2 protein chains.
Amino acid sequence: MKLTILGCHAATPRTLTNPTAQVLEIRNHMFLIDCGEGTQVELRRHKIKFSRIKHIFISHLHGDHFFGLPGLISTFRLLGRDSPLHIHGPKGIKEAIVLLLKLGDSWTNYPLLFHELDSKDEELIFEDDRVTVHTLPLNHRVYTNGFLFREKLGERKLNVEAAVKYGVEKAYFRNVKQGKDVLLEDGTLVKNAALTFDPPPPRSYAFCSDTLYSPDLVPKIQRVDVLYHEATFLESEAHLALKTKHTTAKQAATIAKNAQVEVLILGHYSTRYGNLELFREEAKTVFPKVELARDGAVFNFDV
Amino acid sequence: MKLTILGCHAATPRTLTNPTAQVLEIRNHMFLIDCGEGTQVELRRHKIKFSRIKHIFISHLHGDHFFGLPGLISTFRLLGRDSPLHIHGPKGIKEAIVLLLKLGDSWTNYPLLFHELDSKDEELIFEDDRVTVHTLPLNHRVYTNGFLFREKLGERKLNVEAAVKYGVEKAYFRNVKQGKDVLLEDGTLVKNAALTFDPPPPRSYAFCSDTLYSPDLVPKIQRVDVLYHEATFLESEAHLALKTKHTTAKQAATIAKNAQVEVLILGHYSTRYGNLELFREEAKTVFPKVELARDGAVFNFDV
């Protein structure tokens with residue numbers, strides 16, 4: 001599992017800071033989460049192959065999370081994409097994109113599939129044999145969802161040495177990895193545990209931006225490995241956080257602590273702050289393992 | 001008159017090249033022409049004061065000329081703008097922007113005034129005491145206009161030495177600059193020509209992008225000082241220019257030559273070309289004074 005932060009600043013793109021967009025690599029998927037203006041340029045800068053992006057998740061329709069999407073969709077067309085692109089986002093996103101394509105008479109020549117969200121409850125919005133994605137309804141000025149990505153338990157790992165020792169034939173390996181025991185020709189039953197190692201524990205990533213401090217998130221993200229939570233403000237501006245429906249670094253850390261997550265990544269900083277280390281310091285007063293998102297940062301959770 | 005090229009490349013924003021956007025400073029106006037994705041970042045990079053932009057002219061609704069506009073409008077709001085912003089662009093632009101603002105529940109707190117264009121004929125779309133702006137209907141895949149900016153003839157310049165010599169009082173200077181003669185107290189009539197110099201000749205700038213090679217442009221831009229004309233392709237790709245309704249460098253130069261303009265600036269290069277000097281070389285076979293637009297280039301026509 002690997003997270004690339006393309007942009008993690010609030011409000012407006014600036015010369016050196018980008019609005020929200022990130023790429024989550026998980027079990028060979030490459031999910032794009034939010035798509036602020038300039039995202040396609042950051043994807044290029046990070047040499048992320050456009051064709052690997054098949055699902056885009058948009059949290060809400062504020063410009064700093066969404067205004068890069070029309071351009072990215074157009075660029076996919078110009079590059080000759082033919083594989084389907086799935087857009088998961090708030091109701092209205094389809095109308096907006098379709099109108100922009102219509103005005104430019106620039107229909108995509110690949111299937112563009114919209115999955116519009118309007119539920120206020122958590123829901124499963126993507127599932128295959130490797131991962132699930134659930135919404136995390138958030139509390140912001142417009143309809144907003146976070147997203148919870150969970151790996152499924154993978155196949156068991158074959159203990160090759162043991163397989164040779166017991167004389168298990170290659171033809172059975174597929175079954176063994178799926179947890180089956182093996183009955184040898186001489187009638188001996190070899191239990192699966194003797195032939196395999198446990199699969200790596202499935203990992204999980206919760207993306208929560210933008211939102212008012214919402215303790216009701218806690219049970220929904222209990223024990224996730226990595227929590228990205230917005231921290232637009234410091235506690236000194238808690239009144240602004242309340243007014244604009246954002247969170248402070250300390251509040252984000254409180255969510256992380258109560259949800260017993262492994263790591264908290266902060267982001268979506270207001271441009272009023274020069275020194276981002278203040279966010280880490282404030283959060284650390286509540287929760288120990290705090291990372292700061294920075295544009296261009298790569299978090300590799302496999303190592 | 002000063003032209004700042006924020007972006008001059010076709011199709012998609014890339015790591016080092018921006019889509020079309022430029023700022024024309026003319027008689028104290030600061031006009032933004034087209035607004036591809038990333039324009040607001042380029043405006044910041046060039047330290048162009050956002051508040052000085054009061055009119056934005058959009059040639060057509062392809063993404064590479066337009067997808068930076070929603071973000072710029074939102075940023076103006078976030079920065080607390082209160083002065084009106086005028087958007088001149090093809091019919092449909094209002095519906096698109098209004099929908100995006102509605103979805104984000106992010107109405108501007110400054111007046112946003114749309115002037116939608118749908119005429120196929122040249123028309124006057126802006127005029128004050130200093131400049132006029134006319135559309136230049138172009139021939140592209142969607143409804144497209146170029147824009148012709150013309151300074152009006154300014155006031156005559158006072159010849160201070162002559163005014164002192166003839167004993168013209170200060171109170172008359174305003175009238176003198178406006179071309180009036182002066183009747184002295186002793187009955188002598190001092191002709192205006194003896195008291196003033198000619199004003200600087202009014203200058204003009206024609207922006208023509210995107211378009212198929214269109215000889216019918218020639219009479220409309222006759223003898224303009226500066227012509228920016230798209231040259232998406234070289235002659236070797238003339239078949240692509242025809243197919244996609246774009247122009248080659250040689251064709252752009254032919255327009256410049258026949259319109260007897262002073263300077264031709266080329267831009268809107270296809271990303272297929274590495275060496276832009278080839279555009280200049282090709283155009284120079286037809287027309288002598290050719291400049292290449294480059295992202296970040298500033299053309300100062302006052303010096």
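Domain bounds here come from an automatic or database domain assignment, and the model shown is a predicted one.

**View 1. Chain A is split into two domains.** Let's start with the whole chain. Domain 1 of chain A takes in residues 2-154 together with 200-300, while domain 2 covers 157-197. Between the C-alpha centres of these two domains of chain A there is a distance of 42 Å.

**View 2. Chains A and B are superposed by a rotation.** Now bring in the second copy. Turning chain A by 180°, with 0.0 Å of shift along the axis, places it on chain B with an RMSD of 0.1 Å. The two copies are thus related as by a two-fold rotation axis. Both copies use the same surface, for 100% of the contact residues of chain A recur in chain B.

**View 3. A:Gly38 sits beside the rotation axis.** Look for the C-alpha of A:Gly38, which is 3.0 Å from the axis. Of the residues of chain A, A:Gly38 comes closest to that axis.

**View 4. Helix H3 of chain A has buried residues.** This helix spans residues 93-103, and its buried residues are A:Ile93, A:Ala96, A:Ile97, A:Leu100 and A:Leu103. Seen down the axis of H3(A), they fall within an arc of 135°, so they line one face of the helix. Here is a handy rule to remember: an α-helix has 3.6 residues a turn, so residues three or four places apart point the same way.

View 5. Just after H3(A), you can find A:Asp105, with a positive phi of about 45°.

Notes
Residues are numbered from 1 along each chain as its sequence is written. Chains are lettered from A and ligands numbered from 1 in the order in which they are written. This is a predicted model: local features need pLDDT of at least 70, side-chain atom pairs count only at pLDDT 80 or more; totals for chains, interfaces and linings use all residues. Copies are superposed by least squares on the C-alpha atoms of residues with pLDDT of at least 70 in both. Two residues are in contact if their C-beta atoms, placed from the backbone, lie within 7 Å. A residue is buried if 20 or more other C-beta atoms lie within 10 Å of its own, exposed if 12 or fewer, and partly exposed in between; C-beta atoms are placed from the backbone. Helices (H or I, at least four residues) and strands (E, at least two) are DSSP runs, numbered from the N terminus. The arc is that of the directions from the helix axis to the C-beta atoms.
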